[in-house]
Amino acid sequence: MNAPSKLRLGPLTALVVGSMVGGGIFSLPQNTAAGAAVGATVLAWCITGLGMLALALVFVNLTLRQPQLDSGVYAYARAGFGPFVGFSSAWGYWFMAVLGNVGYYVLLFSTLGHYLPVFGDGNTPVAVASASVMLWGMHFLVLRGIREAAFINQVTTVAKLVPLTLFVLLVGLAFRTDVFTQDMWGHANPALGSVTDQVRSMMLVTVWVFIGVEGASVCSARAERRVDVGRATLLGFLFTLALMVSVSLFSLGVMTQPELAVLKNPSMAHVLAHVIGPTGAALISLGLLISLSGALLSWLMLSSETLYMAARDGAAPAWLAQANARGAPTKAMWLTSGCVQTFLLITLVSNSTYLSLVNLGTSMVLLPYSWAALYGLGLAWRGQGYGPAQTSLRRRDLAIAAVAVVYAAWLLYAGGVKYLLLSALLYAPGAVLYAAGQRAQGKPMLSRREWPMALAVLAAAAVAGWGLKAGWLSL
């Protein structure tokens, strides 16, 4: 049996960029303008840029300081806080990817619906059937091997950057300062609320477009050289940050915030059409289709890999650790694709929008990010992995991790109680699955330290369930 091929810097960087640059960027002008004026948008990007850079550097540092830990957010949570937290982190990350995939399919076919009415808003029977065919096509593509899927992802990443680069250039040339500075703080629109409210409203949206920054660390076990994991993370993040900020702010220089807020998604298509006519909409729509295809492939790989690594370490049920001769995690793949298929069918009877799926998916990943940041902070505080002559380096890493922890706490606050409760409702089945898996291995279901955490999750889930039934909580 041939050993599975390893990934080099190019495919790893493409995995990071491909994971972040999915469908979110194509809806970014409307998604940000819907809740914030220009001034608050600039502030939100400053906070997001600093916070996500700190988080990216934490992932880079953990890759170098703890080279024995593979699969990113899961491994760091487990090493720092035990197997239950580790599995919960993997479960939350996996569920985020499932919801993200469903949202991407809805966005993809709603874009096609602009040209072919049979697809409607992306949740018609024809749209769901077409999305299902696409889902299982990607499923069997990944089963052919991680390296082959990563190569295709690399090609689609390059292809989708062409229309995005053209958008930045054309809209940048059309940028008008008088449009950009009009009602900077949203005083003409009281519904936006205070500047703090506006910044908070943007947080889940801006975080969503950067989810995937940990993509290389999740697949670190597949890397040919460990040092490339950190390089891919940093290169991918900096490039994507520049691209996202340009798309968001340049759009506010050609259309006002109220005009952007009412656009249909993908709003980038309408912005470019405003600048160069209908050709612009067609160009962005084509770019979106390519982009979503690559992002769907990336997230299918990342989510399955996370569950596979958790099972391989004994935190998840053993059957999820099965892989085929090409190194693809078969059972984790089947579970992931099956859940995406289930949620696709639910969209037939649900009123959930792309943005509501995005917000819920983002809330699911906040705890995994928080655990990774806390673990990085603890390592730097204890000096674990640092030599006697690396005091200044340890202090620098401690400061970076502290910023990442504060940012993660701010995100939990910005997300609000609603999404914390909805997240608990989705985390609860993971807690039950973990306990059942431990019992099947002849181990105690939960340790003395884990019981309070599990009961807290189940209690919050019960409150969320009651809220949904009573009507004061909704997606």
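## Ground rules

Buried means under 20% relative accessible area, exposed over 50%, and partly exposed in between, using a 1.4 Å probe and protein chains only. What you have above is a predicted model, with local features needing pLDDT of at least 70 and side-chain atom pairs counting only at pLDDT 80 or more, while totals for chains, interfaces and linings use all residues. Residues are numbered from 1 along each chain as its sequence is written, and side-chain values use heavy atoms, leaving out hydrogens and water.

## Salt bridges

Take a salt bridge as a side-chain nitrogen of Lys or Arg within 4 Å of a carboxyl oxygen of Asp or Glu; the count then comes to three. Arg231 pairs with Asp228, with 3.7 Å between the closest N and O atoms. Both sit in helix α11 (residues 226-251), three residues apart, or about one turn of the helix. (Helices here are DSSP runs of H or I with at least four residues, numbered from the N terminus.) An α-helix has 3.6 residues a turn, so residues three or four places apart point the same way. Still, Arg231 is partly exposed at 41% relative accessibility, whereas Asp228 is buried at 3%.

Asp397 and Arg396 make another bridge, their closest N and O atoms 2.9 Å apart. Here Asp397 is buried at 5%, and Arg396 is partly exposed at 48%. For Arg176 and Asp178 the closest N and O atoms are 2.7 Å apart; Arg176 is partly exposed at 47%, and Asp178 is partly exposed at 45%.

## A kinked helix

Helix α9 (residues 195-208) has 14 residues and runs 21 Å from first C-alpha to last, close to the 20 Å expected at 1.5 Å a residue (1.5 Å times one less than the number of residues). There's a kink of about 35° centred on Met202, the bend being the angle between axes fitted to the seven residues ending there and the seven starting there. Met202 is among the buried residues of α9, which also include Gln198, Val199 and Trp208.

## Nonpolar patch

Val432, Met445, Trp451, Leu455 and Leu458 make a nonpolar surface patch of about 440 Å². Helix α18 (residues 450-470) gives the most to it, with three residues, and Leu455 lies in that helix. Nonpolar patches join side chains of Val, Leu, Ile, Met, Phe, Trp or Tyr within 5 Å, from residues with over 30% relative accessible area and no salt bridge; areas come from the Shrake-Rupley method with a 1.4 Å probe.

Conventions:
Helices (H or I, at least four residues) and strands (E, at least two) are DSSP runs, numbered from the N terminus. Patches are made of residues with over 30% relative accessible area and no salt bridge: like charges are joined within 9 Å, nonpolar side chains (Val, Leu, Ile, Met, Phe, Trp, Tyr) within 5 Å.
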